[in-house]
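Colleague: I've just opened this one and I'm new to it. Can you walk me through it?

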Amino acid sequence: MTDQAGKAEQFQALHIPGKPLILFNIWDAGSARAVTAAGAQALATGSWSVAHANGYDDGEALPLDAVLVCFHDDADRCDCRKPLPGLLLQAREAYGLDLTRSFMIGDRWRDIDAGLSAGCRTVFIDYQYDEPRPLERADFVCGSLKEAAPWILRQTHP
Ligand SMILES: [Zn+2]
């Protein structure tokens, strides 16, 4: 049951009289993963939290052309869950992107491996997570997006 109507039915079934449904407001994939692992039955995505997680005020001012999301888990074996490059390939098809001229920026090994599989140049933002770090595979390693920007500009405007 993965179509929109099916999802709506699943969500409706969580509304049980006398048993309040608690909706956790997530702001990115990491918070979604953490809240789901803690037992949340459903997740909400508030515009304020997404906007502020990206450094903007609320009000639809995010300068994004699209947001592509994988709602699956590893067990679903979809082609869009990183480290597989499915979402990047979807973006290539939808927007006519040349992925060899694109950058995949991420803070997890899955991001870097997806970018490499898609033919992108990769930037690993190392937040020192306690998990495998793709230090040798990434084209550039730094500590923040702000540090990544000058390197990306040098690649595209030498
Ligand atoms: Zn997926």
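Modeller: Let's start with a term. A nonpolar core is a set of buried Ala, Val, Leu, Ile, Met, Phe, Trp, Tyr and Cys residues joined through C-beta atoms within 7 Å. Also keep in mind that this is a predicted model.

Colleague: Okay. Which residues make up the largest nonpolar core?

Modeller: There are eleven residues in that core. They are Leu88, Met104, Ile105, Ile112, Ala114, Ala118, Cys120, Val123, Phe124, Ile125 and Ala138. At least two residues of the core come from each of β3 (103-106), α5 (109-118) and β4 (121-125).

Colleague: Why would residues like that end up together?

Modeller: In soluble globular proteins, nonpolar side chains tend to be buried together.

Colleague: What does Ala138 touch, leaving aside its neighbours within four places in sequence?

Modeller: Ala138 is in contact with Ile112, Thr122, Val123 and Phe124, once those neighbours within four places are left aside.

Colleague: Let me step back. How many helices and strands does the protein have?

Modeller: Six helices and five strands. Starting at the N terminus, the order is α-β-α-β-α-α-β-α-β-β-α.

Colleague: And the overall dimensions?

Modeller: Along the principal axes, the C-alpha atoms fill a box of roughly 60 × 35 × 35 Å.

Colleague: What share of the residues counts as buried?

Modeller: 13% of the 158 residues. As for contacts between residues at least 6 apart in sequence, 25% of them join residues at least 24 apart.

Colleague: Now the sheet. What is the strand order?

Modeller: The order is β3-β4-β5, in an open sheet of three strands with parallel pairing. β3 and β5 (140-142) are the edge strands, so named here for pairing on one side only. On average, neighbouring strands of this sheet are turned by 15 degrees against each other, direction ignored.

Colleague: How many bridges join β3 and β4?

Modeller: Four, in the parallel sense. Ile105 stands opposite Val123 in β4, and Phe103 stands opposite Arg121 in β4.

Colleague: And β4 with β5?

Modeller: β4 and β5 are also paired in the parallel sense, over three bridges. Phe124 has Val141 as its bridge partner in β5.

Colleague: Is β4 mostly covered or open?

Modeller: Mostly covered, since five of its five residues are buried. Arg121, Val123 and Ile125 point one way from β4. Thr122 and Phe124 point the other way.

Colleague: How does the chain get from β3 to β4?

Modeller: β3 leads through α5 to β4 in a β-α-β crossover, and that crossover is right-handed. α5 lies across β3 and β4 and runs at about 170 degrees to β3.

Colleague: Which residues of α5 are buried?

Modeller: Asp111, Ile112, Asp113, Ala114, Gly115 and Ala118. The buried residues of α5 pack against α4, β3 and β4. After α5 comes Gly119, with a positive phi near 90 degrees.

Colleague: Why does Gln128 count as exposed?

Modeller: Because Gln128 has 8 C-beta neighbours inside 10 Å, and the cut-off for exposed is 12 or fewer. Arg77 is exposed as well, with 9 other C-beta atoms within 10 Å.

Colleague: Which peptide bond is cis?

Modeller: The one from Lys82 to Pro83, with omega near 20 degrees. Pro83 is found in the loop between α3 and α4.

Colleague: Last one. Where is Phe71?

Modeller: Phe71 is in the loop between α3 (47-53) and α4 (86-95). Phe71 has 13 other C-beta atoms within 10 Å, so this residue is partly exposed. From Phe71 to Pro134 is 63 residues in sequence and 24 Å in space, C-alpha to C-alpha.

Technical notes
Residues are numbered from 1 along each chain as its sequence is written. This is a predicted model: local features need pLDDT of at least 70, side-chain atom pairs count only at pLDDT 80 or more; totals for chains, interfaces and linings use all residues. A residue is buried if 20 or more other C-beta atoms lie within 10 Å of its own, exposed if 12 or fewer, and partly exposed in between; C-beta atoms are placed from the backbone. Two residues are in contact if their C-beta atoms, placed from the backbone, lie within 7 Å. Two strands pair if DSSP finds at least two bridges between them. Axes are lines fitted to C-alpha atoms, for helices over the stretch in contact, and angles run from 0 to 180 degrees between N-to-C directions. A crossover is right-handed if, with the strands pointing away from the viewer, the path from the first strand over the helix to the second runs clockwise.
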